[in-house]
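My notes follow in the order I made them.

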Amino acid sequence: MAHGATVEWDRGGAPFTDNRYSRAHRWTFDGGTVIAASSSPAVVPLPMSDAGAVDPEEAFVASIAACHMLWFLDLARQAGRVVDSYRDAARGTMARRGDGMLWLAHVDLHPAVTWAGPATGATALRDLHDTAHRQCFIANSVRTEIRLHARNG
């Protein structure tokens, strides 16, 4: 099973070599959804970035959080539990590796679950989250091989 996204950027005639080009671009997914994307303003200052767009680091954190949530919901369903709402204010933390390169060193998930009926016990809740983490495709892919298939436009 393959998954794809198209990432597009266009200079639009603006200067490029002065390093003041826009990092704003778009992501198009197979269902037709288009997302405004950009570098993070924490990495590339405004106006070369777009604070209102999704940056790759946010998308990475959201992907991990969403994958975890989807597994959690399915596991709760399998356990006969009904979830009324699920909210996760996930956060990623950048750090420098030993070689000086930046990376997302930590992703902290903060899920809050509201149940229909009585809340599940602390042990059962922890077990559901532990199993969701083990099942999450994205969490299992953090060290994935990146293969480059470059070509000119």
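**His25 and its surroundings**

I started with the side chain of His25, which reaches the backbone oxygen of Arg23 at 2.8 Å. The model I am reading is a predicted one.

I then placed His25 in the fold. It is found in strand β2, residues 25-29. Is His25 buried or exposed? Its relative accessibility is 17%, under the 20% cut-off, so His25 counts as buried.

I listed what His25 touches, setting aside residues up to four places away in sequence. Val7, Glu8 and Trp9 are among them.

**Ser38**

Ser38 lies in the loop between β3 (34-37) and α1 (56-78). I found 0% relative accessibility there, so Ser38 counts as buried.

What does the side chain of Ser38 reach? I found the backbone nitrogen of Asp50, at 2.8 Å. Asp50 is also among the residues Ser38 touches, with those up to four places away in sequence not counted. That list includes Arg23, Ala24 and His25. It also includes Ser49, Ala53, Val54, Asp55 and Pro56.

**Two prolines in the loop**

I stayed in the loop between β3 and α1, where Pro41 is found. I read 34% relative accessibility for Pro41, so this residue counts as partly exposed. Pro41 touches Leu46, Ser49 and Ala51, if residues up to four places away in sequence are left out. I also checked Pro41 against Trp27, which is 14 residues away along the chain. Their C-alpha atoms are separated by 18 Å.

Pro47 lies in the loop between β3 and α1 as well. A cis peptide bond joins Leu46 and Pro47, with omega at about 5°. I noted this bond because most peptide bonds are trans.

**Asn19**

I looked at the backbone of Asn19 next. Asn19 is not a glycine, yet its phi is positive, at about 65°. Most residues other than glycine have a negative phi. Where does Asn19 lie? I found Asn19 in the loop between β1 (5-8) and β2. Its relative accessibility is 45%, so Asn19 counts as partly exposed.

**Helices α1 and α2**

I turned to α1 and helix α2, residues 122-135. Their axes come within 8 Å and cross at roughly 125°. The two helices are therefore oblique to each other. I noted the crossing of α1 and α2 as right-handed.

Which residues meet in this pair? From α1 I wrote down His68, Trp71, Phe72, Leu75 and Ala76. From α2 I wrote down Leu125, Leu128, His129, Thr131, Ala132, His133 and Gln135. The residues of this contact divide into seven nonpolar, five polar and no charged.

**Thr93**

My last stop was Thr93, in strand β5, residues 91-96. Thr93 has 35% relative accessibility, so it counts as partly exposed. Its contacts, leaving aside neighbours within four places in sequence, are Trp103, Leu104, Ala105, His106 and Asp108. How far is Thr93 from Leu75? I found 18 residues in sequence and 28 Å in space, C-alpha to C-alpha.

Key
Residues are numbered from 1 along each chain as its sequence is written. This is a predicted model: local features need pLDDT of at least 70, side-chain atom pairs count only at pLDDT 80 or more; totals for chains, interfaces and linings use all residues. Side-chain values use heavy atoms; hydrogens and water are left out. Helices (H or I, at least four residues) and strands (E, at least two) are DSSP runs, numbered from the N terminus. Buried means under 20% relative accessible area, exposed over 50%, partly exposed in between (1.4 Å probe, protein chains only). A polar contact is a pair of N or O atoms within 3.5 Å; within protein, one must be able to donate a hydrogen and the other to accept it, and residues adjacent in sequence count only if both atoms are side-chain atoms. Contact means heavy atoms within 4.5 Å. Axes are lines fitted to C-alpha atoms, for helices over the stretch in contact, and angles run from 0 to 180 degrees between N-to-C directions. Angles under 35 degrees count as roughly parallel, over 145 as roughly antiparallel, 65 to 115 as roughly perpendicular and the rest as oblique. A crossing is left-handed if the near helix is turned anticlockwise from the far one by less than a right angle, and right-handed if clockwise. Ala, Val, Leu, Ile, Met, Phe, Trp, Tyr, Cys and Pro count as nonpolar, Asp, Glu, Lys and Arg as charged, and the others, Gly among them, as polar.
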